[in-house]
Structures are given as C-alpha cells and as structure tokens.
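Welcome, and please open your viewer so that we can walk through this model together.

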Amino acid sequence: MTRPGPRRGSPRARGRRVVVTGLGVVSSLGSDRRSFWRACLAGESVVEPVPEAWHRYASLRSRVWSPLRPWERDTPLVSRAEGRRLDATSRMALLAAEEALAAAGLALEPVDRKRATFRLPQLAPEGCGVFLGTGVGGIGSLLEGAAHTMLHDAKGRIAQVRDALRDGHRQALDEVLAALPAPPVFNPFAVAMTMPNAAAANLAIKLGLHGPCRTFACACASGTVAIGQAFRAVRRGECEAAVAGGSEHLSDPYGAVFRGFDAVGALAQGPLPPERVNRPFDRSRSGFLFAEGGAAILVLEELAAARARRAPILAEVVGYGETCDAHDVMAMDPSGRQIRRALEDCLADAGLAPADVGYVNAHGTGTPRNDPVECAVLGEIFGPEVPVSSTKSLLGHTLGASGALEAAATALTLHHGRAHPNRNLDDPIADLAFLRQATALPVHHAVTQSFAFGGQNAVLALARL
C-alpha cells in the first residue's frame, strides 16, 4: 500500500506534527502495555459474576462484569501507602503515566522523595501539559464517604438495640450490620479524592508539570476528547509535550454505579454463558459489559523535538473531530448525522480521504440501539472493505478510560502492523469487514471513535511513520 502524503493545505502540511512517544496501560487484560497488547491479539476477555454482596441491595438484571486483576504495586510515583489519600482513578493514572514516560525515554529525576515528586529533565516543565479524561472521577471514594456519614451512627444505634434483644433477634441484626459495609473512620482526604480533576492534578504535582492541566468529563468519550485536545494544544504550540489519556474506577461496595447502568437496561444480560454475553455488532447483543475500570496514558510530543532527543515513535496523531448530537442524554441520535460530521471533520483535519483509512477502532458497545447507527455511518463513509474491530468486545466498557484504551490499541495496531479481533461476533448486524481473528494489517492510517452519553462524539486519526 502506498502511503499518501499530507494533502495540500492540511494541518500536517502547514506546520507542527504530533507523535506518540510513550504509552502505558492499566486494564483487566494486563497492567502494562505488553501484556495488554498480547491479550488483545489473543482475543482474551475477563468476565466474572458480579460480587455476591451487590445482590443484597438490588435485583440486578445483568449479573456479570469485567473486574481488574491485581494492579497496584509500589513504584516511584505511587506507593501502596498513598492508597488512603489517592482515589484508585488517580493511582491508575499515575501507574499508566509512569510506564508511558519510561517507554518514551523520559527519566524521572527525584525532587522530594518524601512526597514522591519528580521532574522530567528532558522536558521544560512550563511546556508540558496534562490532559486527562474521566467520566465519574473519584466516585468510589465519594460513595465510601457517604456510606460512613449515613451508616456510622445508624450502625451504632442498631448495635444498642441488639444488646437489648434475645439471641434469635441478635443474630438477625448481626446479619443486617454485616450487610452495611462502611469505613470505620471518615477519610480526611475525601474532598481531594473525589473532585473530578484530582487525577490530572496529581499527575501534574507528581511530575512537576506547569503547563495546562485540564480534565475532560465527557462520559464514554472522555479519554478520546482528552487526547484530541492535547493533540491540538501541541500542534498549535501551546505545549511542547503532553501527558494525555483517561482513567476510571467504577467499583464500590454496594454496586451503586453498576446498578445505575443496569436500571436503564444498558448492560449485557441474557441466557448466554458469561464469557459469551459481551458481543458488539452481533444480532444477539444485549448491552455493554460493565468493566471495573482502567487507564491509558499517552505521551504526545512535537515531532522535531521527539526526533532531536531520539525518542521512540509509536504513531503520529494527524487529526481530531468533535461534535455533539444535542439529541438525548442517554440515547444516540438515530440519524447518525453528528457522528458522521465528527468523522468527516477528523478526516478533513488530517487531510485524509476515506480511502486513505485502513482500519477503524469502533466505539462498539454492544447496545441494541447504538451499534446499528455506528455501522450505518461507517458503511456510508468507508464502505464495506475497511477492517473494523471493537476493543470493548475484549475489555468491556471502562467509561471515561475507554477512549484512551482504544487510542492505545489503535497506536499499537499501527506500530506492530496487527489488529485484534472482535470477540463473540457470530452473526454481524452489518456487511462490514469485522475482524474475527488477529490480523496482519500493515496500514498507514487508522481512526478511533467514541460516542458518549450526552451525545458527545469524538474521533482521532492516527498514522504510522
């Protein structure tokens, strides 16, 4: 395949080019880039019954989720001792950032070992920004704080009543008390842990970065928007480099976040075995697989600067498009008009024609209403021959982290010349070139797209150098 050059008048032809020099991942498939990508190519997925305790608080229709494997570890940026003052969303972002920076060849130089703060001597701190997406921020910490506030006194009162009752009733009240998990003390870091910008702020603090520090709460498109806005900032010279991506942790003791999506019928369910229930673009799809969380961080740099320091280059970010359906908070506009416009804007921004694109990493949630709309737009713009796969068919839906994880998968596809399969795709709903197995794909351009609750649409175009 002959690689097309930048089209005349395109942003790439006009000036600054932006490349991905580092990438880090925390996910259910692995908490580092290599294990994540190996599992993606193998078509693996982690699907298990939801915690038994969640059934005490609600009658759930969906009964499976994709939990994270043990991912926490002591590292220079974040230690286990910081778990009490940093929400899991922040800790995952820090771990992914640490891997991304190391992969980019950017060494951490200690500034204050007690506070575990560092600087990046190869980058000017004023010229490097943080752009992070998250859908619900530190919601787990928020719910734990709320549980302590509401239940601590109530449990004490129940215990007083218990002591005045006979043994049979005491046992019943013991069961009630056991079903009300609440932290023994209120966490004094509750505000700092739950504020939506905490993860981005902690990245900037730990790395001593004084450029723009921005948080994007755009539901399922948060990670894609964060990377797209970081790309624009580097391209226009607002930053020389950026740490960009998404992080999300969706688990809580009561399964409250899970219940919210389950109550509106958005989650995968039905008679199929757990490992078969998540099936984007298949006729028997029933909803998305709820994932416990994840994070992906990319290091973006201006091309000439990256080459000057001989940085490894995984891919180039060449275009970005963003629109809003302005249709419904929960439902995608069935016309697909603004999805189409986001794709067209992204291609125009990159100076690409649809025929230049060799791979699409689809939003692909597996919901009955959204998948057909996405397929219709893909067919109209790219035709039936462009390879398509859904990373959510493997990971499930990580909400604010999903777009960043999918951008990471797309960059790795271009870098390695291989694309991962769609899992559980037996009877496709559309005549598109869905990948059924890991496939050699030495293409030069790819797009990755995210469509969120609230109607927020975001598309990135990447290229192989």
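Is Glu 301 buried or exposed? Select Glu 301 and look: the residue is buried, because its relative accessible area is 2%, under the 20% cut-off for that class. Keep in mind as you go that this is a predicted model.

**Around Glu 301**

Now show strand β9, residues 293-302, which holds Glu 301. Next, display what touches this residue, leaving out neighbours within four places in sequence. The contacts include Arg 17, Val 18, Val 19 and Thr 21. Also among them are Leu 106, Leu 123 and Val 234, as well as Glu 240 and Arg 309.

**The sheet**

Zoom out and colour the strands. β9 is part of an open sheet of eleven strands with mixed pairing. Trace the order β7-β6-β8-β9-β1-β10-β17-β16-β11-β12-β14. At the edges stand β7 (213-216) and β14 (433-434); each has a single partner strand, so one side of each has no neighbour in the sheet.

Then select β16 (residues 445-451) and β17 (residues 456-463), which pair in the antiparallel sense over seven bridges.

**Two positive phi values**

Go to the loop between α10 (303-308) and β10, and select Arg 310. Its phi is near 60°, a positive value in a residue that is not glycine. Arg 310 is exposed, because its relative accessible area is 77%, over the 50% cut-off.

Then move to the loop between α13 (392-395) and α14 (402-416), where Leu 399 is found. Leu 399 is not a glycine either, and its phi is positive at about 55°. How does the surface treat this one: is Leu 399 buried or exposed? Leu 399 is buried, with a relative accessible area of 6%.

Met 330 sits in the loop between β10 (315-324) and α11 (337-350). Met 330 counts as partly exposed, because its relative accessibility is 42%, between the 20% and 50% cut-offs.

**Confidence**

Finally, colour by pLDDT. The chain has a mean of 91, and 90% of its residues reach 70 or more. Select residues 1-9 to find a stretch where pLDDT is below 50. Beyond near neighbours in sequence, this stretch has 21 contacts in the model.

Note on methods: Residues are numbered from 1 along each chain as its sequence is written. This is a predicted model: local features need pLDDT of at least 70, side-chain atom pairs count only at pLDDT 80 or more; totals for chains, interfaces and linings use all residues. Side-chain values use heavy atoms; hydrogens and water are left out. Helices (H or I, at least four residues) and strands (E, at least two) are DSSP runs, numbered from the N terminus. Buried means under 20% relative accessible area, exposed over 50%, partly exposed in between (1.4 Å probe, protein chains only). pLDDT is the predictor's confidence in each residue, from 0 to 100. Contact means heavy atoms within 4.5 Å. Two strands pair if DSSP finds at least two bridges between them.
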